[in-house]
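Open your viewer and keep the selection panel at hand. We will go stop by stop.

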Amino acid sequence: MARTQDNDTVAVLRAQILRIERRSGVLAHDAARLACGATKIDTHLCGGLERGTTHEVIGRGADTPLGYYPTRWIAAILSRTTGPVAWIHTGRLNLLGEGLSQAGLSPDRLICLHAAPDRVLGLTEDVLRETGLAAVVTDFDQPLGLTASRRLRLAAEGSGQTAFLLRRARKMDDPALVHPTASSTRWRVGPAPFPAGTAPVAFRPGRPRMHVELLRHRGGRAGEWIVETEHAPDHLAVVSPLADRPAAPAWIAQPADFPTAGHARP
């Protein structure tokens, strides 16, 4: 029965892809690399993220179960693509259209697919075998092991689709999120430390700042950056390297202080 439901979902997905492509008149981008939009990070990645593979994104601290900053990061990257995006989720979909738009990703491009927790990885694998998508985003909090992650990567490599695995956990900084997998990269994105001498106000006016960590890079080096953005995809900028910055108090807001995931106005 589960396989029949997945087949029906994929059939609906195909129809929606065709409708979006006809309405927009564009196809999914087929460049070999997917730029993040911050020159220093793209240079570190030799031109950007590799397409046709899987990339994990996790939160940090109190944002581990919420995924606000990972959602913002993924939306900013996908804003530089064209074509429909399949967004697979297991629970209530906490995406705000205004926040996605401020990150540069039009909500009209999203094809949202709900999956039961025990079927989310299977559905992701099926969707990754389809063509015509700019990317596949899977938002889930189930465990991800080597075997399952290898199947997802092989499906992505076979079709040329790019997958972002937005992994959540109920426990803050859950060690299970950094266990070995077969994904090509693993990113941890959270709030940036505030500069020394400034008050730790959670969502102050001004440029949002993110602490972006590349924890794992298959065939490459890890990295760490503070990124500023101005609610637009073409305004990502890496500020001074962490090693050269003055010490700042690390501060993480409590879960109740965060807006709905996908809201782009810190």
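What share of the 266 residues in the chain is buried? Buried residues make up 51% of them. Here buried means under 20% relative accessible area, exposed means over 50%, and partly exposed lies in between (1.4 Å probe, protein chains only).

Before you select anything, note that this is a predicted model, in which local features need pLDDT of at least 70 and side-chain atom pairs count only at pLDDT 80 or more, while totals for chains, interfaces and linings use all residues. Residues are numbered from 1 along each chain as its sequence is written, and side-chain values use heavy atoms, with hydrogens and water left out.

**The whole chain**

Colour by secondary structure. You will find 6 helices and 11 strands. These are DSSP runs numbered from the N terminus: helices are H or I with at least four residues, strands are E with at least two.

Select H3, residues 68–78. This helix is mostly covered: 11 of its 11 residues are buried. Among them are Tyr68, Trp73 and Leu78.

Next, show the largest nonpolar core. Such a core is a set of buried Ala, Val, Leu, Ile, Met, Phe, Trp, Tyr and Cys residues joined through side-chain atoms within 4.5 Å. Of its 33 residues, Ile41, Trp73, Phe164 and Trp187 touch the most other members. H3, S4, S6, S7, S8, S9 and S10 each supply at least two residues of this core. The largest share, 7 residues, comes from H3.

Centre on phenylalanine 164. Leaving aside neighbours within four places in sequence, its contacts (heavy atoms within 4.5 Å) include Leu34, His55, Ile74 and Val137. Apart from this core lies another, of 19 residues, among them Ile111, Ala115, Leu152 and Ala163.

**Salt bridges**

How many salt bridges does the structure hold? There are 10. Each is a side-chain nitrogen of Lys or Arg within 4 Å of a carboxyl oxygen of Asp or Glu.

Select arginine 60 and glutamate 213. Their side chains meet in a salt bridge at 3.7 Å, N to O. Arginine 60 sits in the loop between S3 and H3, and glutamate 213 in strand S9, so the pair ties together parts that are 153 residues apart in sequence. Glutamate 213 counts as buried, at 10% relative accessibility.

Move to aspartate 139 and arginine 168. This salt bridge spans 2.6 Å, N to O. It links distant parts of the chain: aspartate 139 in strand S6 and arginine 168 in the loop between S7 and S8, 29 residues apart. Aspartate 139 is buried at 9%, and arginine 168 is buried at 14%.

Now pick helix H6, residues 146–159. Arginine 153 forms a salt bridge with glutamate 157, with the closest N and O atoms 3.2 Å apart. The two lie 4 residues apart, about one turn of the helix. Arginine 153 is buried at 17%; glutamate 157 is partly exposed at 37%.

**Last stop: serine 183**

Show Glu56, Arg167 and Arg186, which are linked in a network of salt bridges. Is serine 183 buried or exposed? It is buried, with a relative accessible area of 1%. Its side chain makes a polar contact with the side chain of glutamate 56 at 2.8 Å. A polar contact is a pair of N or O atoms within 3.5 Å; within protein, one must be able to donate a hydrogen and the other to accept it, and residues adjacent in sequence count only if both atoms are side-chain atoms.
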